[in-house]
Amino acid sequence: LQNIVSKHSSQFRGNAQHDALEFLLWLLDRMHEDLGAASPAQQSRGPTQVGGPAGWPWLGRRRGRAHSSDAPHPFPRSSLTCPHCLKQSNTFDPFLCISLPIPLRQTRALNVTLVLQCERWRFVRVGLAVPLLGTVADLRAMVAREGRIPPEQVILAEVSPRGSLRSLADPEALGPAGEAAPVYAFQPPPARRAADLSLGLVGGSGSLTEIEGPRLLPSSASSSDCLHRAPGSRILLLLCNTAGTGPQLARFGPPLVLREERGISWEQLQQNILAQLRGLLRGEVRPQGTGALFRIRLAGGSAPCTYLSPQDPHPLCHPAIDRALQLSGAGGPPHVRLTVEWDMSTKERLFGSIQEEVVQDADSVRQQQQAHGQQHSCTLDECFQLYTKEEQV
């Protein structure tokens, strides 16, 4: 076949590699030309009548017409509309072949753990089909529909097994979300007053390492300085508990969601945190008079490792909390990130060998994994639809 074709076309001579599509186009073009001309026998005999009247000579020339021309040629219409004056220009171009784009899958499966404020399904992991080129704002809207809560009340964050947590802001691209750590969506507790200020306090932005000593926020930078600005305001606390140091550092228990007064004392804050963990405690614990059972590390401030001071009469009113609040990303309630660090011996004495929270998977997790685990396929009609889709030039 190659030898015969090379006799009629010099471009296919030799042993070089050639494109099969170019050969098919050349073959169709030569067939079109050869069938358009009469054979030598027909030319020698002249026109042959097919059976029409003597006054209709066009019937005698019918055999010499190109057979490939009997079939209609496709004429695509390309419409161009000006977005300003709305003037439209249409062009028609015949073609023998067309290169169609193959539609690719535009979504990926992402599991999100919902932390809801209800007795049933408090922790539930759902599967979502998120757009590959979407933003965190799209994920926030999907989580809001899944949890039936307003989007502005959703706090999105990545919580790693080591207790590090990264907040997700709306302008961020959704592609890398969930790759470094599982994604959590927190629903704040209802505010008692409409004028309350909602904050989120969650775990640190990086893994912990050995430190020589805690850098406490100085109580001399009086936390009472902010009391006159918002004497009765309340803040939303998202607490992530960790225990151990170095390679043994690990998160334990569920992330907690509290809403507290900004003027709360360290002792009362410690007691309220223990109250949220009472279902995990081995026995009754009374923090009064026992000192600080844990340390609270502030992340997102000016210093990389800053700890709230137990000697501060109002630790949540410290100006560093306000500075960290201003650095929070856009989208959802503004929040500050905190990590509750427990000594390993204290954690074992109070909680035993408890690990992370137990999360129940919804049916959507399995459904999305099956849908995105299958090989992507498309039909020829879908290729044509993508080819003819309107686009902005």
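The following is a working chat about the side-chain contacts and surface features of a predicted model.

Biologist: Where do Arg140 and Asp170 lie?

Modeller: Arg140 is in helix 4, and Asp170 is in the loop between strand 6 (165-167) and strand 7 (183-186), so the pair ties together parts that are 30 residues apart in sequence.

Biologist: Is Arg140 buried or exposed?

Modeller: Arg140 has a relative accessible area of 4%, so this residue is buried.

Biologist: What about the bridge between Asp322 and Arg262?

Modeller: The closest N and O atoms of Asp322 and Arg262 are 3.2 Å apart. Asp322 belongs to helix 6 (residues 319-326), while Arg262 sits in the loop between strand 11 and helix 5, so this bridge ties together parts that are 60 residues apart in sequence. Both Asp322 and Arg262 are buried.

Biologist: And which residue does Arg297 pair with?

Modeller: Arg297 forms a salt bridge with Glu341, and their closest N and O atoms are 3.0 Å apart. This pair links distant parts of the chain, with Arg297 in strand 12 and Glu341 in strand 14, 44 residues apart. Arg297 is buried, and so is Glu341.

Biologist: Which residues do salt bridges with shared partners join into one network?

Modeller: Glu158, Arg166 and Glu172 are joined into one network in that way.

Biologist: Changing topic to the rings: how many aromatic pairs does the structure hold?

Modeller: The structure holds nine aromatic pairs. Among them is the pair of Phe252 and Trp342, which is edge-to-face, with 6.3 Å from centre to centre and 70° between the planes.

Biologist: What is the geometry of the pair made by Trp266 and Phe294?

Modeller: Trp266 and Phe294 form a tilted pair, at 6.2 Å centre to centre and 45° between the planes. Trp266 is in helix 5 (residues 266-276) and Phe294 in strand 12 (residues 294-299); they are 28 residues apart, and the pair links distant parts of the chain.

Biologist: Why do Trp266 and Phe294 count as buried?

Modeller: Trp266 counts as buried because its relative accessibility is 3%. For Phe294 the relative accessibility is 4%, so Phe294 counts as buried too. The cut-off for buried is under 20% relative accessible area.

Biologist: Which residues form one aromatic cluster?

Modeller: Phe252, Trp266, Phe294, Trp342 and Phe351 form one aromatic cluster.

Biologist: How many disulfides turn up, and what is the state of Cys85?

Modeller: A search of the whole structure finds zero disulfides. Cys85 is in no disulfide; its nearest cysteine sulfur is that of Cys82, 3.6 Å away. A disulfide requires the sulfur atoms to be within 2.5 Å. Cys85 is exposed, with a relative accessible area of 53%, whereas Cys240, at 1% relative accessibility, counts as buried.

Biologist: Which residues other than glycine have a positive phi?

Modeller: Leu86 is one of them, with a positive phi of about 65°. Leu86 lies in the loop between strand 1 (77-81) and strand 2, and is exposed, with a relative accessible area of 61%. Arg148 also has a positive phi, near 55°. Arg148 is placed in the loop between helix 4 (136-147) and strand 5 (155-159), and is exposed, with a relative accessible area of 76%.

Biologist: One last topic: which residues make the nonpolar surface patch of about 650 Å²?

Modeller: That patch is made by Leu21, Leu24, Leu25, Leu27, Leu28, Met31, Leu35 and Leu96. Leu96 lies in the loop between strand 2 (88-92) and strand 3 (107-115), and is exposed, with a relative accessible area of 54%.

How values were computed
Residues are numbered from 1 along each chain as its sequence is written. This is a predicted model: local features need pLDDT of at least 70, side-chain atom pairs count only at pLDDT 80 or more; totals for chains, interfaces and linings use all residues. Side-chain values use heavy atoms; hydrogens and water are left out. Patches are made of residues with over 30% relative accessible area and no salt bridge: like charges are joined within 9 Å, nonpolar side chains (Val, Leu, Ile, Met, Phe, Trp, Tyr) within 5 Å. Accessible areas come from the Shrake-Rupley method with a 1.4 Å probe; for residues, only the protein chains shown count as cover. A salt bridge is a side-chain nitrogen of Lys or Arg within 4 Å of a carboxyl oxygen of Asp or Glu. Helices (H or I, at least four residues) and strands (E, at least two) are DSSP runs, numbered from the N terminus. Buried means under 20% relative accessible area, exposed over 50%, partly exposed in between (1.4 Å probe, protein chains only). Rings of Phe, Tyr and Trp (its six-membered ring) pair if their centres lie within 6.5 Å; planes under 30 degrees apart count as stacked, over 60 as edge-to-face and the rest as tilted.
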